[in-house]
Each structure stands twice: as C-alpha cells, then as structure tokens.
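Trainee: I am new to this structure. Please take me through it in order.

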Amino acid sequence: MIPSRELPVLNVMEPIVSHMFEDHFEKAGILKCGCEKCRVDVLSLTLNRVPPRYTSTQAGEAFVKALYQDSQLQSDILRELAKAVQVIEEHPNHS
Ligand SMILES: [Zn+2]
C-alpha cells in the first residue's frame, strides 16, 4: 500500500446508514445482540450493498440532510439493513 493523505471526501451513506440503524433497530430494541462486533458487521454489510454517494467534506452536512429526506432512499436502506441484521443474527462473528 502506498501511504496517501486522507481524501477530503465523505461517503454520505456512512452517517445515513449509521443513523438509520440506530433509530430503527438499536433504539427499537429489536436486536438479538447489541455488541460492537455485530453492530459493525451489520453496518459494513449494509454499506457494501448500498451504492456509495461521495461528496466533499465541506458540502457534507447539507448533502446528508437532503439525501436523508429521500423516502425512496430511506426504504432502500431500511430493506438492506433488515437483511444485514438477519444475516448477522444467523451467523454472528462475536465470541
Ligand atoms: Zn454480538
């Protein structure tokens, strides 16, 4: 790997998926396991399935807010989160 400076870009799906997981799954108390390992596994599995949307870090916050209002995007993410939760609950990687 060639060391590189951190890119000033952000995949806005990361904060959106993370917030939606918190609101719709963690706070709802419907998870079989709330450990950090399962949480990270669900988030990475979901982020691998949802197409990334990159923006500059400066424009980030407004762009995230705008996308977050997109109901089609919300339902796509919720569907992928639900699938990922099911996969990780059936095959947890925690010890
Ligand atoms: Zn766990």
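Mentor: Helices (H or I, at least four residues) and strands (E, at least two) are DSSP runs, numbered from the N terminus. This is a predicted model, in which local features need pLDDT of at least 70, side-chain atom pairs count only at pLDDT 80 or more, and totals for chains, interfaces and linings use all residues. Residues are numbered from 1 along each chain as its sequence is written.

Trainee: Which pattern does the protein chain follow, read along the sequence?

Mentor: The protein chain has four helices and two strands. Read along the sequence, the pattern is β-α-α-β-α-α.

Trainee: What percentage of the residues of the protein chain count as buried?

Mentor: A residue is buried if 20 or more other C-beta atoms lie within 10 Å of its own, exposed if 12 or fewer, and partly exposed in between, with C-beta atoms placed from the backbone. The protein chain has 95 residues, and the buried part is 13%.

Trainee: Which residues are the buried ones of α1, and against which helices do they pack?

Mentor: The buried residues of α1 are Ile16, Val17 and Phe21. They lie on the same side of α1, because they cover an arc of only 130 degrees around the axis (the arc of the directions from the helix axis to the C-beta atoms). On the other side of α1, Glu22 and Asp23 are exposed. The buried residues of α1 pack against α2 (36-49), α3 (60-68) and α4.

Trainee: Leaving aside neighbours within four places in sequence, which residues is Val85 in contact with?

Mentor: Two residues are in contact if their C-beta atoms, placed from the backbone, lie within 7 Å. With neighbours within four places in sequence left aside, the contacts of Val85 are Phe25, Leu31 and Val42.

Trainee: Is Val87 buried or partly exposed?

Mentor: Val87 is found in helix α4. Its C-alpha atom is separated by 8.3 Å from that of Val42, 45 residues apart along the chain. Val87 has 14 other C-beta atoms within 10 Å, so Val87 is partly exposed.
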